There are 2 protein chains.
Amino acid sequence: MSKVGIKDIAARAGVSIATVSHALRKPGRVSEATRKKVLAAADEIGYMRNNLAASLRTSRSGNIVVIIPDVADNHVYGIIKAIEKVAHRRGYSVLLGDTQGSAEREREFAAMTRSRQADGIILMSHRLPFDVTKNDLSPDKLPPLVNVCEFTGYDIFPTVAIDDLQAGIDATRHLVELGHSEIAVITGDMETTSSQKRLQGFKTAMADAGLQYNERLIVRGKYSARCGETATGTLLMQKERPTAIFCFSDEIAMGCMYALRQHNFEIPNDISVIGVDNIPFARYLAPSLTTVGQPTADIGTTCATILLDLIDGKPPEMLHHVLQHELLVRQSTRRLQ
Amino acid sequence: MSKVGIKDIAARAGVSIATVSHALRKPGRVSEATRKKVLAAADEIGYMRNNLAASLRTSRSGNIVVIIPDVADNHVYGIIKAIEKVAHRRGYSVLLGDTQGSAEREREFAAMTRSRQADGIILMSHRLPFDVTKNDLSPDKLPPLVNVCEFTGYDIFPTVAIDDLQAGIDATRHLVELGHSEIAVITGDMETTSSQKRLQGFKTAMADAGLQYNERLIVRGKYSARCGETATGTLLMQKERPTAIFCFSDEIAMGCMYALRQHNFEIPNDISVIGVDNIPFARYLAPSLTTVGQPTADIGTTCATILLDLIDGKPPEMLHHVLQHELLVRQSTRRLQ
DNA sequence: CGAAGCTTGTAAAACGTTTTACATCGATCC
DNA sequence: GGATCGATGTAAAACGTTTTACAAGCTTCG
């Protein structure tokens, strides 16, 4: 690993290091002649900027940290990818923080802004990863943070998400309109705001339709295929049999459909299944999955843009960004005869 | 954002900054009394180390960069997750480099070691992201790098992968043993060594079984469900009809199975399908997917460990690590009557 | 022609640590 | 009792940039 610095360029070009720095970073600050000279010298000795040193001086690391419960969740890829794209275009790199749902890991990753390894945080969690009471709420003491998909409850950070309440309503209404009334629900982690709101949406839609929901048909689970599998098993042990299952994520729905097949139920003939997210695989399933699609690319782009603006000192015009979801009717739901 | 440094601790504890640094990082270097005093002072003023400054001084960034073609590939999650785990345990963070297959992006991410933002590279690509000829091959000029799942062809970097040739053989042999002889293949990107070797394995196994393979039944594709879908469409346009399809990834297999259903083929009754990877969803598909499983957690753990050892100056005992794959027979393949 | 103003270059400080080399002090040893 | 040694503390240099403040030279203008 070579160790050429601007000092070496300076020596080779016969100028001071200040001039080198100016030539490299502030092209207008030096004459065209010296700029060329410096650039040539830099090229010849194979100079590469030490970003660590530059960051120390400018106190801007060029990194943002994305805190997510699980990289292995298909729903988040699209978001991460979009974040990465925006970040890259604006000269930032993405530090990945997979927390496996641990609050401690969330805090560790968030601390990277305090230790200057990151300039901002994109947080996909319902918990704040630091004590906001300690620092009192003055925004200049807090790191730039955008809350995505979930909501911490603090109205000082921008949020980007779909309207989960409405998503819950739309999914439920779709089932109701198909004639279903015995509807089961498999939620994600009930600590998350997304699950809370979707459940609320479910209850609202049932009430609006004049239907009673059956508390025993609501299984509180986690956002994973495995959970969908076991939760469905639990559901099928009951006396009351649902005619439709509302899964709070497509991964849950995958597990659910698998379990249904194991118990020899046909989808959608015996039981309809609807998911949320529209992960890329949803349409490839057999039967293809009816779901409430989230605009993942949009979500990622929006929250990255807001965060980077925030880092640049530009406050967001709007605090809460609600993006449009969309009901995608495929083959896994059908009208009850 | 507060700006407390060791200078402030020093002032408060009534010692020099050198003592503070020693108390914090080299516990044995100072007396127990002063150490406690310093720690207390640090705690009181809410000190947080500026890792940027420390990194500059020690020239160790504490980051590793993982260069992958696509975050959204289910096969890589497990690997990334394992890498993250090991890295975290050893005090490193993971910078995610999603290249979308672009050689330029690979180079950009790899350059982070030269700009001191990362200490090492885990590379999932068949291309080297820098000119190795320029620096001539002296290993001290090259950044620590571990090649995972693919192979650049340079025998100076450790590699971690399964035996793709054998994987291709095993998958093919499974089909042959079930009585199939008209076997189609949908490959991944043929630039990748994984696809090249699996194809070679396919041909070897066919030859070993005394079978001719049909060149028209080999579709050169990409590692994605979408490609699996279109490639299968292409296959089904031909006069010759395969009785089995060997997909070089489970994602390809998903698309393939979808396309088969669209064309009213039953799996496995009409056509058997086998994949590679054993992504978490493989068993949830309908029918559940027969596949050659990769030990993703093992792969991730191994390559992260080797890389971090390499960074610590410990050369690997072995250059090429071959991990065990495993044939998982499920419902998507069946014996030809 | 002298003042004012622009252009271009530079010396030096600064960012916040770690680490080296040295100083001091008391204990130990012969 | 002087030399030696270990323990503990510190001053200062170093990491490689960016940026500030200033200097020198040149142009412009009344």
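Trainee: Before we start, how are residues and chains labelled, and what pLDDT do local features need?

Mentor: Residues are numbered from 1 along each chain as its sequence is written, while chains are lettered from A and ligands numbered from 1 in the order in which they are written. Since this is a predicted model, local features need pLDDT of at least 70 and side-chain atom pairs count only at pLDDT 80 or more, whereas totals for chains, interfaces and linings use all residues.

Trainee: Let's begin with His321(A); what makes it count as buried?

Mentor: A residue is buried if 20 or more other C-beta atoms, placed from the backbone, lie within 10 Å of its own, exposed if 12 or fewer, and partly exposed in between. His321(A) has 20 C-beta neighbours inside 10 Å, so it counts as buried.

Trainee: Where does His321(A) lie, and which residues does it touch?

Mentor: His321(A) lies in strand 11 (residues 320-323) of chain A; strands are DSSP runs of E with at least two residues, helices are runs of H or I with at least four, and both are numbered from the N terminus. Leaving out residues up to four places away in sequence, His321(A) touches Pro158(A), Thr159(A), Val160(A) and Thr302(A). Contact here is a matter of C-beta atoms, placed from the backbone, lying within 7 Å.

Trainee: Why is Gln212(B) called exposed?

Mentor: Gln212(B) has 8 other C-beta atoms within 10 Å, and therefore it is exposed. You will find it in the loop between helix 8 (193-208) and strand 7 (218-219) of chain B.

Trainee: Turning to helix packing, why are helix 1 and helix 3 of chain B called oblique to each other?

Mentor: Helix 1 (residues 6-13) and helix 3 (residues 32-44) of chain B pack at an angle of about 120°, with their axes 9 Å apart. The axes are lines fitted to C-alpha atoms over the stretch in contact, and angles run from 0 to 180 degrees between N-to-C directions. Angles under 35 degrees count as roughly parallel, over 145 as roughly antiparallel, 65 to 115 as roughly perpendicular and the rest as oblique. Helix 1 of chain B and helix 3 of chain B are therefore oblique.

Trainee: What makes helix 9 of chain A oblique to helix 10 of chain A?

Mentor: Helix 9 (residues 225-237) and helix 10 (residues 250-262) of chain A pack at an angle of about 45°, and their axes are 6 Å apart. That angle makes helix 9 of chain A oblique to helix 10 of chain A.

Trainee: What surrounds DNA strand D, and what makes a residue near it?

Mentor: A residue is near a strand if its C-beta atom, placed from the backbone, lies within 6 Å of it. For DNA strand D, 28 residues surround it, the closest being Gly5(A), Ala18(A), Ala18(B), Thr19(B) and Val30(B). Helix 2 of chain A gives the largest share of that surface, six residues.

Trainee: And which residues are closest to DNA strand C?

Mentor: DNA strand C is surrounded by 28 residues, and the closest are Ala18(A), Thr19(A), Val30(A), Gly5(B) and Ala53(B). Helix 2 of chain B gives the most to this surface, with six residues.

Trainee: Finally, how many residues of chain B are in contact with chain A?

Mentor: In chain B, 38 residues are in contact with 38 residues of chain A. Helix 4, helix 5 (74-89), strand 2 (93-98) and helix 10 (250-262) of chain B each give two or more residues to that side.

Key: Two residues are in contact if their C-beta atoms, placed from the backbone, lie within 7 Å.
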